[in-house]
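This briefing is intended for reading beside the sequence and the three-dimensional view. Please keep both at hand while going through the points.

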Amino acid sequence: MTTSDVLWNIPVNVRLQNGIEKSFQSVHDTLDFLENEWPSPRGAYHDAAVISCRRALNHQTPPAVSKELFLAACLEAGLAARNNMRPDSHHSSPTVHRNL
């Protein structure tokens, strides 16, 4: 069965260990990063985020759950991450930060 990508309503930006900021627009991009570029060690939130992203791509879990687990995994790994707001929005967004 082929899965289609699921876009985030609001992108997530992550500051990588080398200082570069990367934007994640979809569940597929996030899963690819978690599986192929994630810094070691991988913790419990990382593992939960991988499973949740796979389930979201198969429409078995809400994408918002995957996004929250990805933000938690970033915090667990010491990566600064933020959930960006759309330019037309005037509400504050939840943010996960950790000083490096």
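The structure is a predicted model. Its protein chain contains 3 helices and 4 strands, arranged along the sequence in the pattern β-β-α-α-α-β-β.

**Overall architecture**

- Of the 100 residues in the protein chain, 39% count as buried.
- The accessible surface of the protein chain comes to about 6,000 Å², and carbon and sulfur atoms account for 51% of that surface.
- When contacts between residues at least 6 apart in sequence are considered, 46% join residues at least 24 apart.

**Helix H2 and its surroundings**

- Helix H2 spans residues 44-57 and has 14 residues. The distance from its first C-alpha to its last is 20 Å, close to the 20 Å expected at 1.5 Å a residue.
- The buried residues of H2 are His-46, Ala-49, Val-50, Ser-52, Cys-53, Ala-56 and Leu-57.
- An α-helix has 3.6 residues a turn, so residues three or four places apart point the same way.
- The cover over the buried residues of H2 includes helix H1 (27-36) and helix H3 (63-77).
- After H2 comes His-59, a residue with positive phi.

**The largest nonpolar core**

- The largest nonpolar core has 22 residues, and those touching the most other members are Val-14, Val-27, Leu-34, Trp-38, Phe-70 and Cys-74.
- Strand S1 (7-15), H1, H2 and H3 each supply at least two residues of this core. H2 gives the most to this core, with 5 residues.
- Cys-74 touches Val-14, Trp-38, Leu-79 and Ala-81, when residues up to four places away in sequence are not counted.
- In soluble globular proteins, nonpolar side chains tend to be buried together.

**Salt bridges**

- The model has a count of 4 salt bridges.
- Arg-15 forms a salt bridge with Glu-21, and the closest N and O atoms of this pair are 3.3 Å apart. Arg-15 is partly exposed, at a relative accessible area of 38%, and Glu-21 is likewise partly exposed, at 32% relative accessibility.
- Glu-21 also forms a salt bridge with Arg-82, where the closest N and O atoms are 3.0 Å apart. Because Glu-21 lies in strand S2 (residues 21-26) and Arg-82 in strand S3 (residues 80-83), this pair ties together parts that are 61 residues apart in sequence.
- Arg-82 is partly exposed, with a relative accessible area of 32%.
- Lys-22 and Glu-37 meet through their side chains in a salt bridge, at 3.4 Å from N to O. Lys-22 lies in strand S2 and Glu-37 in the loop between H1 and H2, so the pair ties together parts that are 15 residues apart in sequence.
- Lys-22 is partly exposed, with a relative accessible area of 27%, and Glu-37 counts as partly exposed at 39% relative accessibility.

- Asn-83 is found in strand S3. Asn-83 counts as buried because its relative accessible area of 8% falls under the 20% cut-off.
- The side chain of Asn-83 makes a polar contact with the side chain of Lys-67, at 3.0 Å.

- The peptide bond from Ser-40 to Pro-41 is cis, with omega near -5°. Pro-41 is placed in the loop between H1 and H2, and Glu-37 lies in the loop between H1 and H2 as well.
- His-59 has a positive phi of about 60° although it is not a glycine.
- His-59 lies in the loop between H2 and H3. With a relative accessible area of 58%, His-59 is exposed, because exposed means over 50%.

Definitions and conventions. Residues are numbered from 1 along each chain as its sequence is written. This is a predicted model: local features need pLDDT of at least 70, side-chain atom pairs count only at pLDDT 80 or more; totals for chains, interfaces and linings use all residues. Side-chain values use heavy atoms; hydrogens and water are left out. The expected span of a helix is 1.5 Å times one less than its number of residues. Buried means under 20% relative accessible area, exposed over 50%, partly exposed in between (1.4 Å probe, protein chains only). Contact means heavy atoms within 4.5 Å. Accessible areas come from the Shrake-Rupley method with a 1.4 Å probe; for residues, only the protein chains shown count as cover. A polar contact is a pair of N or O atoms within 3.5 Å; within protein, one must be able to donate a hydrogen and the other to accept it, and residues adjacent in sequence count only if both atoms are side-chain atoms. A nonpolar core is a set of buried Ala, Val, Leu, Ile, Met, Phe, Trp, Tyr and Cys residues joined through side-chain atoms within 4.5 Å.
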